[in-house]
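The sequence and the structure are shown first.

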Amino acid sequence: MEQKNTALYCYAAGMEAEILLDAQEKENLKVVLMDEVRDAVYEHLYLHPLYANMDPTKGMKGKREKISVLILGGGKIGIEFLKASVWSGQMKNFGLEVHIVDVKSALVRKRFEVEFPELLSERSGYHIDFIQADVFSEEIKNNLDFLENINYCVISLGDDELNIRAAIWLKRYFYLREFKIEPLISLYIENPGKSKAVWNLCEKMRTKQRLYYNIIPFGNRSGLFNKQSAATFIIEYLGLGVHSHYCRITKESSAEERRNAVRNFYEKQSNRQSSIANGLHIVTKLWELGYGVLRLPKEKWERDIFDRCIHPVDFYSECRDELGAYYALEHERWMAYMRTEGWQLATRGGDCLEDIRSCYEDYCMQFKNQNYLMKLHPALVPIRRRKAGEATLQEVEDMIAEVNMQKNFENYFPGYIQSDIEVVDHIGEIVSGSWCGHAGISIYGELAKEGECVVCRLGDMMRYYRYIYDGWKENATPEEMITLRGEIRRCCFGVIRTNQGREREEAYACLAEI
């Protein structure tokens with residue numbers, strides 16, 4: 001039976017599901033693992049990234065500030081959000097700290113130490129804090145009083161009504177603390193009706209207008225295969241674009257080469273998820289540089305606004321002189337992601353080159369790079385040495401090439417550093433969809449073609465979203481307006497932070513008006 005155009009969506013969660021699915025022969029089936037919690041977290045972080053409510057003056061003039069994330073609840077959702085925060089929060093101008101609150105935080109920490117052994121290591125470059133407290137007690141307030149500059153909150157207590165109760169309490173708590181910019185507060189909601197009710201939370205003011213709580217629900221995945229779920233499409237699109245880049249797919253590639261790349265993307269779930277994380281982080285890198293990703297709109301009225309406001313740029317030509325720091329950042333992001341997936345440095349003890357070599361020599365007959373069975377990877381070392389005796393990425397690359405030569409294996413040079421350079425340099429091609437080819441590639445039932453998305457300046461995006469906002473605001477739903485205002489704020493903050501000339505004044509004026 002021919003199954004060339006059949007896609008099978010398997011709903012499951014956990015690392016074991018990935019391993020079991022990867023072990024199956026799929027022949028011509030496209031098998032996609034759907035982890036509803038992880039997918040909901042990724043979609044939420046695409047729409048509302050960790051830097052969404054950062055003070056725009058922070059991270060300027062070379063001073064490195066911190067993104068501070070507060071997570072209430074250490075269950076499946078809280079842990080998934082913490083994992084995603086660790087790699088998505090890797091930024092050039094911002095450090096990262098995550099505070100996770102749970103009544104059994106000691107058990108949550110033990111689980112981390114078992115499942116993600118290196119996530120809490122000293123060499124990780126971020127800080128994770130476990131706080132033991134009952135969310136609905138004076139104890140939590142006392143703990144929060146010691147935390148400064150929280151800018152992002154996630155609530156996942158395992159019950160929709162408890163989450164709503166905690167979100168409203170947090171909203172009032174931070175208001176009374178008089179934060180210059182209140183944190184973004186989001187909560188996991190499973191019930192679609194309750195999700196809509198949260199979007200609609202508001203109070204009527206003396207002017208008869210409505211003042212919304214601006215609490216963001218996520219987790220209702222009923223729109224997964226709905227065309228309205230644009231974020232779902234973009235996340236898969238960018239992930240497939242990253243993978244196609246690694247497969248050396250260009251606009252000149254043949255249809256067969258393209259099909260093989262797509263098949264390979266879905267063949268091993270761990271590779272797919274890694275590429276998706278890489279693709280999601282492209283948006284973060286661009287924001288720090290003063291740019292963004294925008295998909296070409298389908299509706300004529302919106303396309304008219306797009307053509308008026310948006311001036312696509314050649315990413316590499318515009319940014320080539322600023323990309324040096326982002327090569328190292330990409331490696332830091334990759335290491336953070338690998339640690340959240342349970343990978344450890346391939347070593348016999350420490351992080352010196354001799355210990356890494358000893359471990360690699362033990363398994364190099366089975367695996368030429370990482371040890372998939374034991375989740376050991378020799379490249380979990382920094383590009384630049386941070387302490388005496390620590391191996392660097394270049395030293396590990398040279399060691400692997402030398403071991404393969406000495407053992408008379410095939411010539412092999414992993415090219416870790418060059419890989420990071422190339423994926424950053426080719427962000428423009430990944431975003432533009434040049435890898436889609438003339439015929440296009442189907443993603444969740446939609447055909448992605450070359451030119452599907454563009455890289456453009458945040459100032460252009462600010463004006464584009466503002467035009468849409470002015471046209472929508474009389475008839476839009478609270479969800480649409482709150483989400484659109486969030487997009488505008490993110491663009492304005494990016495314009496202010498990257499000091500884009502007179503556009504800064506325009507951004508301040510735009511913020512005041514919305």
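The model under discussion is predicted. Along the principal axes, the C-alpha trace extends over about 80 × 55 × 55 Å.

The secondary structure comprises 20 helices and 16 strands. Of contacts between residues at least 6 apart in sequence, 73% connect residues at least 24 apart. Buried residues account for 56% of the 514 residues. The protein exposes about 24,200 Å², of which carbon and sulfur atoms supply 49%. As to charge, there are 67 positive and 77 negative charges, and their mean positions lie 4 Å apart.

A pair of aromatic rings is described by the distance of the centres and the angle of the planes. The protein has 19 aromatic pairs. One of them joins Trp169 and Tyr173: the ring centres are 5.4 Å apart and the planes meet at 15°, under the 30 degrees required, so the pair counts as stacked. Both residues belong to helix α6 (residues 160-176), and because they are four residues apart there, about one helical turn separates them. Trp169 has a relative accessibility of 31% and therefore counts as partly exposed, whereas Tyr173, with a relative accessible area of 7%, is buried.

Methods: Residues are numbered from 1 along each chain as its sequence is written. This is a predicted model: local features need pLDDT of at least 70, side-chain atom pairs count only at pLDDT 80 or more; totals for chains, interfaces and linings use all residues. Side-chain values use heavy atoms; hydrogens and water are left out. Helices (H or I, at least four residues) and strands (E, at least two) are DSSP runs, numbered from the N terminus. Buried means under 20% relative accessible area, exposed over 50%, partly exposed in between (1.4 Å probe, protein chains only). Contact means heavy atoms within 4.5 Å. Accessible areas come from the Shrake-Rupley method with a 1.4 Å probe; for residues, only the protein chains shown count as cover. Lys and Arg count as positive and Asp and Glu as negative; His and the chain ends are not counted. The place of a charge is taken as NZ of Lys, CZ of Arg, CG of Asp or CD of Glu. Rings of Phe, Tyr and Trp (its six-membered ring) pair if their centres lie within 6.5 Å; planes under 30 degrees apart count as stacked, over 60 as edge-to-face and the rest as tilted.
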